[in-house]
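Here are my notes on this one, point by point. Have the model open while you read.

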Amino acid sequence: MSEGNVIKLRLSLMGRPVRNYTFDKPVINVGRDPGADVYVDNPGISRDHFRLERTDTGEYQVVDLGSANGTFVNDHMVNASPLHNNDVVRLGKYTLCVGYELDRRSGIRGDSAALDDPAGTAGHTVVLSRAEIGNILEKEKHPAPVKVVPMPMPAAPEPRPAVTASTWPSLVTGFMLGALFGAGALWLVMHR
């Protein structure tokens, strides 16, 4: 991992996301101390539970600070352990999912970086350079032509027959016969 990368942490409680963090600092403190970088207010978490330290490779390692309940990386209790992309650090009922990403705020990128999305950041906040914003606005001014394909019109539905004065006697007769049949069936059931 080279300079210009950041560590992304997703704090979850029993599988439910609580908060996301992004850091590029060399030491990240995690614990119940309100001054910690990742503050977790829970009695199962030590005041100074563990810290993440950037190594010479640019990745981080987790260092347990003598926590009462321990620190686990991928369900293995550790005192110190390197962290790789997609590792899961567990402290009490909480988990921290670890990811490394290119810091999109550093360096100059090619104009196509916003369109390619190599980091898979769709749906996340993205910082664009002035050149990238200009490119996007220019493409909006001159959009590609849209081909219009005519759709066939659906056939009109068949008209429903109207209820007229001549059909009323049939409807009333049908209703009366249904009521008599239902009453007869009810009488038979009750008198058996």
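1. How exposed is Arg 51? Arg 51 is partly exposed, at a relative accessible area of 27% (buried is under 20%, exposed over 50%, partly exposed in between, with a 1.4 Å probe and protein chains only). Arg 51 also pairs with Glu 53 in a salt bridge, with the closest N and O atoms 2.5 Å apart (that is, a side-chain nitrogen of Lys or Arg within 4 Å of a carboxyl oxygen of Asp or Glu).

2. Before going on, some ground rules. This is a predicted model, where local features need pLDDT of at least 70, side-chain atom pairs count only at pLDDT 80 or more, and totals for chains, interfaces and linings use all residues. Residues are numbered from 1 along each chain as its sequence is written, and side-chain values use heavy atoms, with hydrogens and water left out.

3. The whole structure has four salt bridges. Another one joins Arg 90 and Asp 75, at 3.6 Å from N to O. Arg 90 sits in strand S10 (residues 88–91) and Asp 75 in the loop between strands S7 (71–73) and S8 (76–78), so the pair ties together parts 15 residues apart in sequence (strands are DSSP runs of E, at least two residues, numbered from the N terminus). Arg 90 is partly exposed at 28% relative accessibility, while Asp 75 is exposed at 59%.

4. Then look at Asp 33 and Arg 47, whose side chains meet in a salt bridge at 3.8 Å, N to O. Asp 33 is partly exposed at 24%, and Arg 47 is partly exposed at 47%.

Technical notes. Helix = DSSP H or I, 4+ residues; strand = E, 2+ residues; numbered from the N terminus.
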